[in-house]
Amino acid sequence: MDDLEQLTLALRALPPSCGPVRLIAVDGHAGSGKSTFAARLAEALGSGVPVLHLDDLASHEEFFDWTDRMLGQVLAPLSRGEEARYEPYDWVDRRFTSARTLAPAPVVLVEGVGAGRRALRPHLAWLFWMDKDADSSWQRGRLRDGDALSAFWDDWTTAETRHFLTDPSYSFANSLVRECSEGYEVLPRPSATARLNGIITEGHRISPPY
């Protein structure tokens, strides 16, 4: 059994944390690779594992003030074993669009800056933190988005810094995810008391899907 198979089996074996759902969060700085890692993890977990992107709940006016939408539109119905319905935000048209549904699957991934925030942690079965520093993450994000979004990134980095000062996630993460030359390495956070069924006690490699 390889490291990735061990990891996915252990995640599926966690006790439900939000009604019947095991809610697994991936947090980290903007540009740290959360979406890519979450997609890789969802693929490894198998069909039927949805990924909720917090960019769909945030907006230009509310970078981090999406807690009520998350709790009311997503977590409340999932906790009852019901299908969630939320209206994703269109970052180009600057408006919320037609509702999408999110089934109460046995495992649901949520990724985005603030996924491990205080209001969500009671509903989480596990919290991953992308182990890439803020400046390196933001630089990658700026290069990805180009000069046209430079002003947006100026506003975002200010807001993100303020958010993590008042509501940090790193210190509550169960595991760190570190990018390496061949995929990812998942490590226990130093001083973390929680362990994933005794499995994440050393580094585990997640190779790219090719």
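One aromatic cluster brings together Phe63, Phe64, Tyr89, Trp91, Phe96, Phe152, Trp153 and Trp156. The model is predicted. Across the structure there are 12 aromatic pairs.

Take the rings of phenylalanine 63 and phenylalanine 152. Their centres lie 5.5 Å apart and their planes meet at 75°. Planes over 60 degrees apart count as edge-to-face, so this pair is edge-to-face. The pair links distant parts of the chain, 89 residues apart. Phenylalanine 63 sits in the loop between strand S2 (51–53) and helix H3 (67–79). Phenylalanine 152 belongs to helix H5.

How do the two rings' residues fare for burial? Phenylalanine 63 has 13% relative accessibility and counts as buried. Phenylalanine 152, at 22%, counts as partly exposed. The cut-off for buried is under 20%.

Helix H5 (residues 150–166) also packs against helix H4 (residues 134–145). The angle is about 155°, and the axes are 10 Å apart. That angle makes H4 roughly antiparallel to H5, because angles over 145 degrees count that way. The crossing of H4 past H5 is right-handed.

Which residues make the contact? From H4 come Trp138, Gly141, Arg142, Arg144 and Asp145. From H5 come Ser150, Trp153, Asp154, Thr157, Glu160 and Thr161. By class, this contact has 5 charged, 4 polar and 2 nonpolar residues. Trp153 takes part in the contact with H4 and is also a member of the aromatic cluster.

Conventions:
Residues are numbered from 1 along each chain as its sequence is written. This is a predicted model: local features need pLDDT of at least 70, side-chain atom pairs count only at pLDDT 80 or more; totals for chains, interfaces and linings use all residues. Side-chain values use heavy atoms; hydrogens and water are left out. Axes are lines fitted to C-alpha atoms, for helices over the stretch in contact, and angles run from 0 to 180 degrees between N-to-C directions. Helices (H or I, at least four residues) and strands (E, at least two) are DSSP runs, numbered from the N terminus. Angles under 35 degrees count as roughly parallel, over 145 as roughly antiparallel, 65 to 115 as roughly perpendicular and the rest as oblique. A crossing is left-handed if the near helix is turned anticlockwise from the far one by less than a right angle, and right-handed if clockwise. Contact means heavy atoms within 4.5 Å. Ala, Val, Leu, Ile, Met, Phe, Trp, Tyr, Cys and Pro count as nonpolar, Asp, Glu, Lys and Arg as charged, and the others, Gly among them, as polar. Rings of Phe, Tyr and Trp (its six-membered ring) pair if their centres lie within 6.5 Å; planes under 30 degrees apart count as stacked, over 60 as edge-to-face and the rest as tilted. Buried means under 20% relative accessible area, exposed over 50%, partly exposed in between (1.4 Å probe, protein chains only).
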